[in-house]
Amino acid sequence: MKRIYKIVCTTLSVWMLASCGQKFLEVSPTDRLSDMTFWKTEKDADMALAGIYNRWEEHWNILWWDLMTDNGFSQYAWDNVQALGNGQANASNFGRDYFNYNLIRKYNQFLEKVPQIEMDAKKKERILAEARFLRAYDYFRKVQFYGDVPLVTEVIQNPEDAKMERSPRAEVVNFILTELEEVAKVLPVQNMRQSNGHVTSGAALALKARLELYEGKYPDAMADAKKVIDMAKSGVYQLYPDYAGLFQVENESSNTESILEVQYIKDTYANNLWQHILPSKEGGWSSISAVQSIVDAYEMKDGKTITESTLYNADKPFENRDPRLDMTILYSGARYNGRVYNTLELSSPDFYQSASAPKSGYNVLKYSKVVPEAALQNGDANIMVIRLAEVLLTFAEAAIEAGQSTPEVYDAIDMVRLRAKMPAVDRTVYSTQAKLRELVRRERRVELAFEGLRYWDIKRWDIGNQALNGPVYGSRLGTMDSQTGVVTWSNARIKVEDRVFQAGRNYLLPIPQAELDANPNIKQNVGY
């Protein structure tokens with residue numbers, strides 16, 4: 001199922017490798033394979049296709065983006081999200097550069113060169129559509145993080161031509177939507193297992209629906225999400241029956257919920273996910289911590305919030321909760337890897353103040369797998385970028401915002417909840433647009449926790465002043481019976497950090513200083 005990467009891992013073409021380390025919109029490298037010897041055969045096209053899939057997205061983006069939000073915390077400054085989370089990011093200290101155009105240059109070169117190769121016309125059309133999708137995805141990410149960005153659709157040869165100004169965000173968004181609309185008609189209607197990792201029509205429509213939702217184009221988002229849901233009804237996609245198992249590498253071959261994913265292969269194209277996510281006793285670094293706010297967002301098993309349900313007991317806070325809480329977050333008193341997990345006491349290897357322990361007292365359990373030390377940085381777990389549950393919630397939210405609270409809306413939300421063993425939506429309680437909006441936003445947050453979407457949700461809902469401002473807390477403190485795991489909680493709580501929401505920045509990231517230095521026509525975002 002991970003076949004697409006085997007070429008790129010063993011025979012990476014020089015034209016692709018030469019782009020590494022370049023700055024914004026630099027011209028094509030002179031040390032790549034000559035056009036006289038490459039871009040001639042179908043084999044060249046296949047090699048180049050594998051090349052453009054190389055690092056089109058990364059696992060650390062999908063997981064770490066939630067650490068800039070009220071879902072989580074990054075304890076290591078070198079992970080380059082801590083400064084954004086606490087409001088201290090600037091052009092020099094925020095090390096994640098999504099403004100870089102190396103990937104765009106690769107996609108544009110592929111789209112320029114492949115049409116001249118003699119090969120099967122249908123295959124050529126399909127692989128060109130794949131490249132257009134990857135380019136559209138990169139622009140999607142750029143406009144979400146930076147707003148206005150240069151729209152470049154061809155290979156730039158002259159260095160002076162590379163010094164472009166930023167194109168209006170609306171222009172780039174329209175380009176993305178048009179591209180996705182067109183490639184969806186060309187790409188195959190398959191799930192990720194059937195396509196062996198290639199992007200598909202469903203991926204194009206799902207990304208288009210996501211962007212339309214973000215842009216407030218609710219009827220369009222409904223329509224495109226519905227097309228993907230109809231694919232599911234015809235058997236292309238299916239909600240995986242077990243929420244916890246959905247994120248485990250051993251179940252990838254049977255996971256047809258995945259619509260778009262980053263694929264990895266141990267030894268050749270591996271990730272270090274498990275090293276970052278596991279507790280210290282299992283050899284991990286606890287790079288990814290959950291915080292109290294996301295813990296409190298999970299409902300009780302009766303479908304009511306912790307402030308509404310009579311089932312909630314503050315001294316037994318993890319009992320009778322939405323099962324997804326136990327499948328997503330590791331807390332003190334829980335059974336884990338044959339022991340009782342304990343971040344509360346100094347004698348425990350998990351003690352929250354110890355090295356490589358979660359500073360919030362909460363590890364993230366989603367994606368985790370106890371593996372031998374040799375596998376910690378040689379992981380082959382794929383990371384889903386879009387899955388069917390998100391599309392169902394996209395359809396529901398778009399319909400709610402469009403004022404169309406039909407039975408289909410409840411059905412879409414219920415499909416997600418019932419898979420998690422939660423009760424169906426109470427139609428009498430959630431009967432108004434305001435109550436349904438509250439529900440679908442909470443459902444998105446818990447269902448998609450640590451899947452990289454929370455920051456963009458906070459941005460489009462404009463709730464940054466509540467979600468990204470003030471003190472961030474972790475677990476309550478207390479003592480534990482090491483045999484039974486019973487915790488006696490105190491009233492004290494771990495304080496992780498203080499955050500300051502910079503409203504004037506409009507939720508946008510700083511353009512890295514290196515990019516500004518490379519192109520004087522690029523102006524920094526407001527507030528930096």
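Okay, let's start with a word: a residue is buried if its relative accessible area is under 20%, exposed if over 50%, and partly exposed in between, using a 1.4 Å probe and protein chains only. Phe145 comes in at 1%, so Phe145 is buried.

Quick background. This is a predicted model, where local features need pLDDT of at least 70, side-chain atom pairs count only at pLDDT 80 or more, and totals for chains, interfaces and linings use all residues. Residues are numbered from 1 along each chain as its sequence is written, and side-chain values use heavy atoms, with hydrogens and water left out.

Now, rings. Rings of Phe, Tyr and Trp (for Trp, the six-membered ring) pair if their centres lie within 6.5 Å; planes under 30 degrees apart are stacked, over 60 edge-to-face, and the rest tilted. Searching the whole structure gives 26 aromatic pairs. Take Tyr98 and Phe145: their centres are 5.0 Å apart and their planes sit at 20 degrees, so that's stacked. Tyr98 is also buried, at 6% relative accessibility.

Which way do Phe140 and Trp456 meet, stacked or edge-to-face? Their centres are 5.3 Å apart with planes at 85 degrees, so they're edge-to-face. Phe140 is buried at 0%, and Trp456 is buried at 2%.

One last thing: Lys142 lies over the face of Tyr101, 4.7 Å from the ring centre. That label needs NZ of Lys or CZ of Arg within 6 Å of the ring centre and within 35 degrees of the ring normal.
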